[in-house]
Amino acid sequence: ELTKLWSLAYLYNGNKEYLQTSINAYKELDENNMLPIGVNSSSENLMGIDAVASAETCDISDFINSNIALYRITGSRIYGDKIERALFNAGATAWSDDCKKHVYSQSPNRLTLSSDAKIKGHFEYKSVHDPLCCTGNICRMIPSFVLHSWMATYDNGIAAMLYCPSEVSVNVGNAVPVRVIETTQY
């Protein structure tokens, strides 16, 4: 959550060191905390990489939103790839098939429920978890992804930013209407 703040401050002050601070923080996150599911390990704090490291659902949502901020600012496809990987892997398993329940945490290697009283229930699908941050944040994942799948360019064009079935109708250039339908088999 905090790493994107430097890049947002860059938009206001133009100091490239601020942007570079966010970029460097994400490089460190990739090197020392990235899980195979495409998001960083977290349990209020970073957990590093180990066989049972997990990620909180609210952090998956914010990881997607933080990478959207860096994608919009830098235009680097690296961030688009991170967004897609996070949503299609970690995000897709954060909620139940009927979308009525979600997990507080998930771990790529956790095969059974924990007996540790501190985290017992974190890996179970429930309609509400305490604290409520995951319950509220899970609702941001797909809307944030969809809203940023297409973006305007500085030269009045349009750019396909994220891979998903979608449709967009916009005016480009000197008000030329364009309709694009992206069809996928995902």
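Which residues of helix H1 (residues 3-13) are buried? In this predicted model, the buried residues of H1 are Lys4, Ser7 and Tyr10. Viewed down the axis of H1, these residues fall within an arc of 105 degrees, so they line one face of the helix. An α-helix has 3.6 residues a turn, so residues three or four places apart point the same way. The cover over the buried residues of H1 includes helix H2 (16-33) and H3. After H1 comes glycine 14, whose phi is positive, near 70 degrees.

**Overall architecture**

The protein contains six helices and six strands. Read from the N terminus, its elements follow the order α-α-β-α-α-β-α-α-β-β-β-β. Along the principal axes, the C-alpha atoms fill a box of roughly 60 × 40 × 25 Å. Of the 186 residues in the protein, 43% are buried. Among contacts with a separation of 6 or more, 46% are accounted for by residues 24 or more positions apart.

| Helix pair | Axes come within | Crossing angle |
|---|---|---|
| H1 and H2 | 7 Å | roughly 160 degrees |
| H3 and H4 | 8 Å | roughly 160 degrees |

Angles over 145 degrees count as roughly antiparallel; with a crossing at roughly 160 degrees, H1 and H2 are therefore roughly antiparallel to each other. H1 passes H2 in a left-handed crossing. On the H1 side, the contact is made by Thr3, Lys4, Trp6, Ser7, Ala9, Tyr10 and Asn13. H2 contributes Lys16, Tyr18, Leu19, Thr21, Ser22, Ala25 and Tyr26. Sorted by class, the contact of H1 with H2 has seven nonpolar, five polar and two charged residues. Lys4, Ser7 and Tyr10, the buried residues of H1, are among the residues of H1 in this contact.

Helices H3 (residues 57-74) and H4 (residues 77-91) form the second pair. Their axes cross at roughly 160 degrees, and H3 and H4 are therefore roughly antiparallel to each other. The crossing of H3 and H4 is left-handed. From H3, the residues that meet H4 are Ile60, Phe63, Ile64, Asn67, Ile68, Leu70, Tyr71 and Thr74. Their counterparts in H4 are Arg77, Tyr79, Gly80, Lys82, Ile83, Ala86, Leu87, Ala90 and Gly91. By class, the contact of H3 with H4 has 11 nonpolar, four polar and two charged residues.

Serine 66 is found in helix H3. What does serine 66 contact, leaving aside its neighbours within four places in sequence? With those neighbours set aside, serine 66 is in contact with Glu1, Lys4 and Tyr26. Serine 66 has a relative accessible area of 0%; the cut-off for buried is under 20%, so serine 66 is buried. Lys4 is one of the buried residues of H1, and Tyr26 is one of the H2 residues in the contact with H1.

Asparagine 67 also lies in helix H3. Is asparagine 67 buried or exposed? Asparagine 67 is buried, with a relative accessible area of 0%. Not counting residues up to four places away in sequence, asparagine 67 touches Tyr26, Tyr79, Lys82 and Ile83. Tyr79, Lys82 and Ile83 are among the H4 residues that meet H3, whereas Tyr26 belongs to H2.

Terms used. Residues numbered from 1 in each chain as written. Predicted model: local features only at pLDDT ≥ 70, side-chain atom pairs only at ≥ 80, totals over all residues. Heavy atoms only, no water. Helix = DSSP H or I, 4+ residues; strand = E, 2+ residues; numbered from the N terminus. Buried < 20%, exposed > 50% of the residue type's maximum accessible area, 1.4 Å probe, protein only. Contact = heavy atoms within 4.5 Å. Arc of directions from axis to C-beta. Axes fitted to C-alpha atoms, helices over the stretch in contact; angles between N-to-C directions. Parallel < 35°, antiparallel > 145°, perpendicular 65-115°, else oblique. Left-handed = near helix turned anticlockwise from the far one by under 90°. Nonpolar A, V, L, I, M, F, W, Y, C, P; charged D, E, K, R; others polar.
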